[in-house]
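Please look over the sequence and the three-dimensional structure shown here before reading on. The briefing that follows goes through pockets, a helix, a pair of domains and some backbone angles.

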Amino acid sequence: MVDAQIPTREPTDEEITKQTEIIVGELIGRKGALIPILQTLQELFGYLPETALKRTGELMKISYSEVAGVVSFYKYFSIVPRGKYLIRVCLGTSCYVRGGKEVLESLKNNLGIDIDETTEDRLFSLKVGRCFGACGLAPVIMINDDIYRRVKPSKVGEILQSYRVQEDTDD
Amino acid sequence: MTDLTINGIEISVEDGTTILDAASKIGVTIPTLCHLQGHEPLGACRICVVEVEGARSLMPSCATPVTRGMVVKTNTRKVREARKLIVDLLLSEHEGNCQFCDRSNDCELEKIASSIGISKPLYAGEKPEARFDYTTKALIRDTGKCIKCRRCITACNEIQAVGALFPQNRGFETVIGPAFTSDLADVQCVQCGQCAAVCPVGAIIERSNIDDVWEAIDNPGKHVVVQTAPAIRAALGECFDYEPGTLVTGKMITALRSLGFDAVFDTNFAADLTIIEEGNELLTRLKKKLVNGEDIALPMFTSCSPGWINYAEYFHPDYLNNISSCKSPQQMFGAVAKTYYAQKQGIDPADIVVVSVMPCTAKKYEAARDEMADSGFTDVDYVLTTRELGKMIKSTGIDFRSLPDGVMDNPLGVSSGAADIFANTGGVMEAAIRTVYELVTGRELPFENLHLTPVAGLKGFKEASLTIEGTVPAWSFLEGVEVKVAVAHGLSNAAEVFRRLEEDPGRYHFVEVMSCPGGCIGGGGQPRFTDDSVRLKRINAIYAEDEGKPIRKSHMNPMITQIYEEFLIEPLGEKSHHLLHTHYAKK
């Protein structure tokens with residue numbers, strides 16, 4: 001999975017439309033072009049903006065409802081803007097029995113968002129994963145490419161704080 | 001040909017026939033909830049499973065073509081138990097509210113459950129969250145009732161090429177509906193109601209106006225008039241167990257009077273009026289183009305079908321100038337009822353309530369369009385579908401089948417046979433040509449029974465041409481002109497018209513489009529279930545009604561002559577322009 005490039009500002013509708021037209025133009029000749037187009041758009045914008053999806057439908061001569069049907073079928077696709085840091089909580093068997101769910105609850109409380117949502121400051125997005133292949137370290141969470149092992153619900157605040165602090169220093 | 005055995009009976013069918021169709025040829029009905037005649041099998045509901053000798057599992061008969069020597073059994077214990085299990089599982093997810101459901105009398109799921117002997121629910125599983133959609137004037141969705149058979153997807157995408165509905169999400173969370181489980185008003189829904197016409201349960205129904213109509217009838221201060229579209233008389237009988245294609249015009253009129261309407265009128269009158277206005281509009285456009293060389297939009301499209309108007313406004317806004325500016329007959333009727341009729345009767349138009357009975361759900365939307373109130377009063381107040389009228393009649397205990405025949409009231413109840421055929425695909429075209437040809441040549445259209453046969457019938461896209469000869473002086477510029485016309489029904493066929501026009505913009509002079517397959521007789525508000533055999537029977541009934549009329553041409557309707565003399569003065573005149581014509585806008 002290609003990590004999303006996090007734009008420094010929101011692209012305008014005109015920019016989204018223009019980029020969409022370029023991407024659709026490059027890929028439309030392929031058989032089954034819709035999914036590669038959606039993948040490319042998501043890589044570019046970090047999520048799938050409504051403007052991009054509607055324009056894709058128009059260019060491919062398929063309805064917006066059909067495009068949406070494909071987008072909503074796959075968990076991979078997201079229609080909400082993604083935060084700078086993508087938090088993924090493993091809920092595979094090992095992590096689940098070793099308290100992954102409590103870690104998830106703690107993250108939700110701390111961030112004030114639900115699964116598949118993004119914080120208002122566009123800093124964090126929260127997703128759930130099924131086994132990261134690190135069962136010996138359970139429960140595990142990932143924040144972008146950083147792995148956190150044997151996470152305790154009480155430590156979640158501290159972990160998030162390190163990213164918030166980093167953000168303040170960057171600014 | 002392929003030979004096979006079904007339930008011990010040997011039969012021979014054409015290669016490629018499905019087991020489902022082969023079985024029906026020997027009178028074996030296999031239940032199905034997802035199959036739609038003439039469309040690719042979906043195999044979504046699995047109820048049509050049968051046992052095929054040598055196959056490892058039960059086969060869906062709708063999606064399995066026959067093979068030579070195949071031995072099929074449709075009624076074994078294994079099949080019965082599998083069907084029961086499938087229907088049980090469907091029922092476990094189905095939030096039926098059957099006592100209060102619009103479909104309690106004609107629910108296909110209920111019928112199948114009862115016929116295969118399910119007497120109590122076996123599984124009390126989790127049900128998907130029900131979501132209601134009241135965002136359009138025409139339709140109501142209730143996702144809790146949806147069994148995900150996907151017939152509506154076929155209707156919306158393949159038959160209508162609209163694409164408002166599509167499966168969203170996946171697995172247990174699947175919702176059949178507009179993008180990202182939004183509402184119909186959020187997407188490009190034309191409100192034709194073909195989804196509601198094919199839905200086996202009550203997941204998509206028309207938005208009922210029955211209560212509004214009763215309220216108006218019960219209000220002594222209101223003068224409530226009703227108009228019925230031509231397609232109603234050939235279909236209403238089906239609500240009372242008549243064979244499809246039985247004309248019930250006379251009984252319908254008596255029933256409407258018994259319901260308490262103050263006057264029973266005919267949309268047909270307004271259809272005749274439409275022909276006068278639209279025929280003259282066509283001739284005016286041709287004159288401007290051919291004589292004056294003006295840049296005028298041709299071909300001209302018909303404007304009677306509100307689903308089609310929506311379709312053009314959403315998907316082909318570049319062609320809006322091509323659509324006749326004539327309001328549909330429903331709206332013309334309303335405008336005339338609240339002006340001409342009101343004046344004639346000495347009734348304050350504010351006290352007149354116009355109710356329409358339409359084969360259509362989109363007519364509910366059309367009546368509510370803001371611009372449909374040029375007289376200062378809403379043209380049409382309430383629209384009932386054929387199905388709703390059937391329900392209203394039943395609710396009063398009227399024994400429809402034993403009613404005597406009635407006659408429409410004057411003056412808005414008099415019509416020609418040309419108005420009747422507005423119900424059929426090709427009918428508006430034929431009606432227009434009957435009048436225009438006679439206007440231009442002074443002679444009657446020289447075809448057997450006045451029928452324009454090449455544009456009649458169920459072929460989705462039809463073309464015809466007619467060379468005008470022997471014109472009267474006023475229209476001599478049309479001498480020798482080959483008038484080319486096209487007729488499309490089912491909006492996927494309208495898409496075909498546009499494809500051909502893109503290749504050759506001058507290909508046609510006049511194009512008729514009706515949203516629904518078969519025309520209005522196959523409308524989204526007609527009794528269920530409408531398949532091609534039912535469509536043909538209704539079409540033939542309508543032609544019989546036309547041929548039985550003493551007057552067959554709109555311009556010969558004496559009440560039309562009278563309304564021009566007394567009120568409208570002239571076709572396309574100032575009053576017509578104000579009351580009977582409209583405009584369209586890109587959506």
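The largest share of the lining of the largest pocket, 4 residues, is given by α15(B), a helix in the sense of a DSSP run of H or I with at least four residues, whereas strands are runs of E with at least two, both numbered from the N terminus. This is a predicted model, in which local features need pLDDT of at least 70 and side-chain atom pairs count only at pLDDT 80 or more, while totals for chains, interfaces and linings use all residues. Residues are numbered from 1 along each chain as its sequence is written, chains are lettered from A and ligands numbered from 1 in the order in which they are written, and side-chain values use heavy atoms, with hydrogens and water left out.

**The largest pocket**

- A pocket is an open set of points on a 1 Å grid over the protein atoms alone, where a 1.4 Å probe fits and protein lies on both sides within 12 Å along at least five of seven lines, and its lining residues have an atom within 4 Å of a point.
- About 1,100 Å³ of space lies in the largest pocket, where a volume is the space filled by probe spheres set on the grid points, which are joined across faces, edges and corners.
- Of the 28 residues in its lining, A:Gly57, A:Glu58, A:Lys61, A:Ile62 and B:Phe315 lie nearest the centre of the largest pocket.
- Two or more lining residues come from each of α3 (50-60) and α4 (64-73) of chain A and from each of α9 (306-315) and α15 of chain B.
- By type, the lining of the largest pocket divides into 12 nonpolar, 7 polar and 9 charged residues, where Ala, Val, Leu, Ile, Met, Phe, Trp, Tyr, Cys and Pro count as nonpolar, Asp, Glu, Lys and Arg as charged, and the others, Gly among them, as polar.

**The second largest pocket**

- The second largest pocket holds about 860 Å³ of space, and of the 30 residues that line it, B:Thr32, B:His35, B:Gln37, B:Phe529 and B:Asp531 are the closest to its centre.
- The lining of the second largest pocket draws at least three residues from each of domain 1 (2-75) and domain 2 (88-206) of chain B, with domain bounds that come from an automatic or database domain assignment.

**Helix α4 of chain B**

- Helix α4 (residues 151-159) of chain B is mostly covered, since 7 of its 9 residues are buried, where buried means under 20% relative accessible area, exposed over 50% and partly exposed in between, with a 1.4 Å probe and protein chains only.
- The buried residues of α4(B) include B:Cys152, B:Ile153 and B:Ile159, and among the elements that cover the buried residues are α3 (108-115) and α15 (491-503) of chain B.

**Domains of chain A**

- Chain A is assigned domain 1 (13-73) and domain 2 (85-170), and the C-alpha centres of these domains lie 30 Å apart.

**Backbone angles**

- Most residues other than glycine have a negative phi, and most peptide bonds are trans.
- The peptide bond from A:Ala138 to A:Pro139 is cis, with omega near -5 degrees, and A:Pro139 sits in the loop between β2 (124-129) and β3 (141-143) of chain A.
- The peptide bond from B:Asn410 to B:Pro411 is cis, with omega near 0 degrees.
- B:Arg46 has a positive phi, near 70 degrees, and is partly exposed, with a relative accessible area of 38%.

Terms used: Contact means heavy atoms within 4.5 Å.
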